[in-house]
Amino acid sequence: MATRYFGAPVKRTEDLRLVTGRGRYTDDIGAGSAEGLLTLEAAFLRSPHAHARIVDIDVSDAIEIDGVIAIYTYEDLEGAAAEPLPVLIPHPALHAPRTNHPLAKDVVRHVGEAIVMVVATDRYITEDAVAAIGVSYEFLPPVIGLTAARAAHHLVHPDVPDNVSAHLVQESGDARAAIAAAPHVLEYTLEIERSCSMPLEGKAVRARYDVDDQSLRVYSSTQTSTSVRAAIAAKLGMQLGKVEVIAPDVGGGFGVKIMHPWPEEIMVPFAARQLQRPVKWTEDRREHFISSSHERAQQHEVRVGFDDAGRVLGLDVTFWHDNGAFTPYGIICPIVTSTQLLGPYKPGAYRVEFSSVYTNTVIVTPYRGAGRPQGVFVMERTMDRIAETLGMDRTAVRSANFIQPDEFPYDHGLIFQDGRPLIYDSGNYPDQLTMLKEMIGWDSFDALQAAAAVDGRRLGIGIGCYVEGTGPGPYEGAHIQVQTDGTVDVAIGLTSQGQGHQTVFAQIVADELGVPFEKIRVVTGDTRRFGHAVGTFASRAAVMSGSAVALAARKTRAKALEVAADTLECSADDLQIEDGVVSMKGNPSVSIPLGQVAVLSNPLRYAFDEAAKAATQFARPTDPSVPPVPAGREPGLEGKDYYSPPRSTFASGMHAAIVEIDDETSEIRIEKYCVVHDCGNLINPMIVEGQVHGGVAQGIGGALYEIMAYDEHGQLQNASFMDFLMPYVTEIPQLELGHQQTPSPLNPLGIKGAGEAGVIPVAAVIASAVENALGMRISAMPLNPSLLHGLRAAAAATAVES
Amino acid sequence: MTESRPAGRRLPVTVTVNGVARTADAEPRRTLSDFVRHDLGLTGTHVGCEHGVCGACTVLIDGDPVRSCLVLAVSAQGHDVTTVEGLGQPDTVTELGPVQRAFRDCHALQCGFCTPGFLTTITAGIAENPTPTRDEAVDMIAGNLCRCTGYQNIVEAVLTAARYAAGDDTPGGPAGHGAAGVEH
């Protein structure tokens, strides 16, 4: 029996390259070669002010610097490149979309907005030149933070009078009436700060223009090479076929690299075409902080009505989302918050209203979890408050509100971010909770907490539940070709940023096609190999490309069986493929290697090698009355297919943590952290667990440390790794994981996405645990030790006064 | 303003990289990380923050881990530099160095960008302490940032690498519940 790869913890094929220094990230392309020496480098002068009118730009000193080749300002742009960048995902509720230009025109609206591009023979020289450019500004009042944006005393865009870019209301049932009639009502405010993806590789773009055929080849550290390609073609007025975009090895994305086109993705190719030399730009870390994107900042006002059993009868949430200075990526994040807030629960009635507002800060686009951590924070804090009010166990309140296993598919009566109904496909939340309570020791925790208290130790336990819409459409595709030596080339348009796509998609092909895993080579994110794709975001790669790969493999397999059946003079139904060999069922001595089938699929005229020799018209007798390639069949053993889902799949999970708070320093130490998650069928449990580990670590960063410390002038005070605190190994506990698998009925492999799950409930879990440890309310995250120390001191002072 | 720029004076810099003497011209202000990557073409060393915090650019200078973004190329003149490319024979799994092999076996990398800095750091770490405890393994990597893995599997890789380096080939696997990597 052949090995089954789907479901096995197969080691990654990527790793041999990546552990030996042979990965190829965008900044590596051409290094140390003649092309590397010919490559020009770009750097950008970026606004030092949050809001200002550009009065004058003086480049006269800069252009004199030895090695400077060109300097571009907005005035040098023409055609579509001089227009504002696109609103990628328009939405009827986004009534006042605004986007920037590739280089600032007249007014800058956040610190870091690109104003001038310098191209020189060397990066050091570009930076010298940037420093030599003089810009004079007329200052305008900046709008920083949600409170200032809502007050609208000053405006980010003069023609958006209330700073509101979008306003959306969704309602299922009559929530306000249900709350008014409920036995218990609570009302409170909850806040989350800004954070960001912060991949260790920043953005990077490299472009080379071929003068002979007037084509561009662009490498970009992107999560969507096909869309960057389309954007470059549109902005530079080129035919799509004249632009190739490749996402090579990408050093992490976590959402920030799904945004496109970045101004640099237009400007670098623009310069490469104009100068007819390769040009590249590699973002430095400060640039990444001030000119990429952030997420998370929201203020929420919650009203909830519930009964004596803890059941939510009505939930009414109004929130404000800080979208930064522009809205190129639309309003995906607040839409996700507004819908995914519901988690595994079914409130009697639900009303949600949000306003997305402009501020003079870096733009906001999805960061791993994309709006869900905020929504889950709101819902899980609500569950905890209901429990507190009724004196119930926190898990009992959750149980009272769960959607039950026999209620799937469950329709919430809302519209999700993909424009489709919010219908959960499958799940089993009560079982998940049972698993989690067992793992964390929920029922015995009170005794543990009491025993610790005797020793003066403050322990607390917290829980957080989430449901995550994963694998949204519209589609992904795959192409598979069997080579004459039996190797199998697989190409997908979707990109990889370290999730092991070369491995997991090979696992699927190995099973579907019946070939050894080692024979399969997967290429991702290269428009030369696959031109139609959407991108890597929203935990969609496994669901979407995995399904497409399976369908393409099935097509390839069917063709292989047909061709082999012709040769073996039998019916395709009598054949099987195992370990790369097609054989007769029940009579394995009648067989033909798959590589040989690939040879036979292509009746060549020229015998240029042994494989081709076997395939020429002279290799075996043919029927002269029929064409060598039968009607309806193409030469070559290959298959291409696409997968387009009816709607998203819904993964789910629950986390629980035990924390200890140091009584003197307020240090929050995570003693134990347990995760139960359900992403349907697992392609590779090792890789899924790795995704959960990484997600939880980012979640812990978001819960305890990560903020974007803007001052009132719009200066980001912590734009370095010394000041923006991300967890090191010392901050991350050992995780305990439990898998639950409720297959999705929506795709051929029964899978749901797993990439973002780990991060989503962490802030809610930590807040719940700290609250439990200290008996004080936690309403805003992140919560670092000094903040907690202040909260405790304030609470103690209040207690003394009263 | 042009006079404010250093005159572009370039000096020949010779360093022994992964056992091979290499010479290239570099301005005095050029960092060792840029020199190794762009002048010598050894792009395995990665630059994550350019201010010495993330550890991605860590190389060994005379065996000691050093952040190459904080070292000027000219000051490495005459020294031995080991980059990730020098940690093993890169053609097959069996010829990987012990730390490289442990990283693969333990699924201790995802995007791979911070990985070279971890590999060099741990190589120096287990040379100094060949039998680290779990706490010592944590200490060994406590100055390197990884944004993908959550570190758990990297700690496991440190312990596994130490065993491999000592000649104990008992395979390591990913940390935590469930999966142990299957070789294919």
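## Basis of the description

Angles between axes under 35 degrees count as roughly parallel, over 145 as roughly antiparallel, 65 to 115 as roughly perpendicular and the rest as oblique. The structure is a predicted model in which local features need pLDDT of at least 70 and side-chain atom pairs count only at pLDDT 80 or more, while totals for chains, interfaces and linings use all residues. Residues are numbered from 1 along each chain as its sequence is written, chains are lettered from A and ligands numbered from 1 in the order in which they are written, and side-chain values use heavy atoms, with hydrogens and water left out.

## Helix packing in chain A

Two packed helices are described by the angle between their axes and the distance between the axes. In chain A, helix α7 (residues 225–236) packs against helix α8 (residues 263–275) at an angle of about 55°, and their axes are 10 Å apart. Axes here are lines fitted to C-alpha atoms, for helices over the stretch in contact, with angles from 0 to 180 degrees between N-to-C directions; helices (H or I, at least four residues) and strands (E, at least two) are DSSP runs numbered from the N terminus. α7(A) and α8(A) are therefore oblique to each other.

The crossing of α7(A) past α8(A) is right-handed, a term for a near helix turned clockwise from the far one by less than a right angle, anticlockwise being left-handed. From α7(A), Val228(A), Ala231(A), Ile232(A), Lys235(A) and Leu236(A) meet Glu265(A), Ile266(A), Pro269(A), Phe270(A) and Arg273(A) of α8(A), where contact means heavy atoms within 4.5 Å. By class, this contact of α7(A) with α8(A) has 7 nonpolar, no polar and 3 charged residues. Ala, Val, Leu, Ile, Met, Phe, Trp, Tyr, Cys and Pro count as nonpolar, Asp, Glu, Lys and Arg as charged, and the others, Gly among them, as polar.

## Helix packing in chain B

Helix α2 (residues 98–105) and helix α3 (residues 115–128) of chain B cross at roughly 125°, and their axes come within 9 Å. α2(B) and α3(B) are therefore oblique to each other. Val99(B), Gln100(B) and Phe103(B) of α2(B) make the contact with Thr115(B), Phe118(B), Leu119(B), Ile122(B), Thr123(B) and Ile126(B) of α3(B). The contact of α2(B) with α3(B) comprises 6 nonpolar, 3 polar and no charged residues.

## A loop of chain B

His51(B) lies in the loop between α1 (32–39) and β3 (58–61) of chain B. The contacts of His51(B), not counting residues up to four places away in sequence, are Arg285(A), Ser720(A), Phe721(A), Met722(A), Cys69(B) and Leu70(B). The C-alpha atoms of His51(B) and Cys69(B) are separated by 6.9 Å, although the two residues are 18 residues apart along the chain.

Glu50(B) is also found in the loop between α1 and β3 of chain B. Although Glu50(B) is not a glycine, it has a positive phi of about 60°. Most residues other than glycine have a negative phi, and most peptide bonds are trans.

## Loops of chain A

Two cis peptide bonds can be described in chain A. The bond from Gly473(A) to Pro474(A) is cis, with omega near 5°, and Pro474(A) is found in the loop between β18 (458–470) and β19 (476–482). The bond from Met781(A) to Pro782(A) is cis, with omega near 5°, and Pro782(A) lies in the loop between β29 (780–781) and α21 (785–801).

Gln499(A) is found in the loop between β20 (488–492) and α15 (501–514) of chain A. Not counting residues up to four places away in sequence, Gln499(A) touches Arg12(A), Thr536(A), Ile687(A) and Gln691(A).
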